[in-house]
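Got the model open and want to know where to look? Here is a walk through the inside of the fold, with a few stops at single residues.

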Amino acid sequence: MESTEHNIACMVCGADLIYDKTAKNQICVYCGEMEASPIYCPNGHFVCDSCHSEDAIAVLQRLAEIDKSKDPKDVVKKALSHPSFKFHGPEHHSLVPAAILIAMKNRKIAKPDGSPITFETILEGIRRGAKIPGGFCGYAGTCGACVGAGVAVALFIGSTPTKGPERKVAHVATTNALNLSQDGLKRCCKRATYYGLTAAMKLLREEYNIDLGELPEHKSCKYTAMNRDCEEESCPYYIGASA
Ligand SMILES: [Zn+2]
Ligand SMILES: [Zn+2]
């Protein structure tokens, strides 16, 4: 019970986190580094993004190396079942590109330039996702898991800041995910992950004829009971009261 609480709130004491309007300098209880963040525990605990996510990131790196899934939803299922994945947290920003790229690598899908998607490609996707801080959805008008769709597509097509057409495709992926995310609901890193996967999988299918499996299904989320902030009937992925 305790570990479930700590999984969705302050990692130290389980209290609901405060999402403040402005950042303040805080010292991480684990690594001692000072960081400015608007998110903190009412009991004074602060855990930096690295300490919050590093175990989950290690799980993603491990999956990148060994997982044989050909469907991004299966990668997501495995990652989310691992205890290092907190209910909400910036590790979801790396999860979307990892899931898409792992499935593409296992299907031996080549990039448009003919080169393969490799373990290194997936690691780079995980690294890029991990640069997006926790809470960015509410603080910056973009959601890290939705940007994850852009990261996955950018790596597939080899987008860089100076490649106009490729950069556009990456923007379309993130924009499509953000369009889904304009639901007016409180943040949920699971819902955001489904949005990110949906946008990336749809774009790859429609523009590149790459089929990575069925899109995440509405009314299929198994995590309602773990989320104090679940928006239930307002969320398209809510499975229903009996779940
Ligand atoms: Zn606390
Ligand atoms: Zn830390």
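What follows is a short tour of a predicted model.

## Helix H3 and what covers it

Let's start with helix H3, which spans residues 72-80. Its buried residues are Pro72, Lys73, Val75, Val76, Ala79 and Leu80. Looking down the axis of H3, you'd find these buried residues inside an arc of 155°, so they line one face of the helix.

So what covers the buried residues of H3? The cover includes helix H2 (49-66), helix H4 (91-106) and helix H9 (189-208).

## H2 against H4

Two of those covering helices, H2 and H4, also pack on each other, at an angle of about 5° and with their axes 10 Å apart. That angle makes H2 roughly parallel to H4. On the H2 side, the contact is made by Ser53, Ala56, Ile57, Leu60, Leu63 and Ala64. H4 brings Glu91, Ser94, Leu95, Ala98 and Ile102.

What kinds of residue make up the contact of H2 with H4? Eight are nonpolar, two are polar and one is charged.

## The nonpolar cores

The largest nonpolar core holds 58 residues. Leu60, Ala98, Ala99, Cys146, Ala152, Val153 and Ala200 are the ones that touch the most other members. Two or more residues of this core come from each of H2, H3, H4, helix H5 (119-130), helix H7 (144-157), helix H8 (164-180) and H9. H7 gives the largest share, at 11 residues.

Leaving out residues up to four places away in sequence, Ala200 touches Val96, Ile100, Ala149, Ala152, Val153 and Ala173. Another core, of five residues, lies apart from the largest one, and its members include Cys10, Cys41, Phe46 and Val47.

## Leu197 in H9

Leu197 sits in helix H9. Is Leu197 buried or exposed? Leu197 has 29 C-beta neighbours inside 10 Å, so it counts as buried. Setting aside neighbours within four places in sequence, Leu197 is in contact with Pro72, Lys73, Val76, Val96, Ala99 and Pro216. Among these, Pro72, Lys73 and Val76 are buried residues of H3.

Leu197 and Ala173 are 24 residues apart in sequence, and their C-alpha atoms are 9.8 Å apart in space.

## Two stops in H7

Gly144 lies in H7 and is buried, because 29 other C-beta atoms fall within 10 Å. Not counting residues up to four places away in sequence, Gly144 touches Pro90, His92, His93, Gly129, Ile132, Phe136 and Cys137. The C-alpha atoms of Gly144 and Arg191, 47 residues apart along the chain, are separated by 12 Å.

With residues up to four places away in sequence left out, Leu155 touches Pro97, Leu101, Thr121, Glu124 and Gly125. As for Glu35, 120 residues from Leu155 along the chain, the two C-alpha atoms are 30 Å apart.

## Ile8 in H1

Over in helix H1 (residues 2-8) you'll find Ile8. Why does Ile8 count as partly exposed? There are 19 other C-beta atoms within 10 Å of Ile8, and buried would take 20 or more.

Which residues does Ile8 contact, leaving aside neighbours within four places in sequence? They are Lys86, Phe87, His88, Met226, Asn227 and Arg228. Ile27, 19 residues from Ile8 along the chain, has its C-alpha atom 20 Å from that of Ile8.

Most residues other than glycine have a negative phi. Lys219 isn't a glycine, yet its phi is positive, at about 55°. Lys219 is in the segment after H9 and, with 11 C-beta neighbours inside 10 Å, counts as exposed.

Glu232 lies in the segment after H9 as well. Glu232 also has a positive phi, of about 45°, although it is not a glycine. With 13 C-beta neighbours inside 10 Å, Glu232 counts as partly exposed.

How values were computed: Residues are numbered from 1 along each chain as its sequence is written. Chains are lettered from A and ligands numbered from 1 in the order in which they are written. This is a predicted model: local features need pLDDT of at least 70, side-chain atom pairs count only at pLDDT 80 or more; totals for chains, interfaces and linings use all residues. A residue is buried if 20 or more other C-beta atoms lie within 10 Å of its own, exposed if 12 or fewer, and partly exposed in between; C-beta atoms are placed from the backbone. Helices (H or I, at least four residues) and strands (E, at least two) are DSSP runs, numbered from the N terminus. The arc is that of the directions from the helix axis to the C-beta atoms. Two residues are in contact if their C-beta atoms, placed from the backbone, lie within 7 Å. Axes are lines fitted to C-alpha atoms, for helices over the stretch in contact, and angles run from 0 to 180 degrees between N-to-C directions. Angles under 35 degrees count as roughly parallel, over 145 as roughly antiparallel, 65 to 115 as roughly perpendicular and the rest as oblique. Ala, Val, Leu, Ile, Met, Phe, Trp, Tyr, Cys and Pro count as nonpolar, Asp, Glu, Lys and Arg as charged, and the others, Gly among them, as polar. A nonpolar core is a set of buried Ala, Val, Leu, Ile, Met, Phe, Trp, Tyr and Cys residues joined through C-beta atoms within 7 Å.
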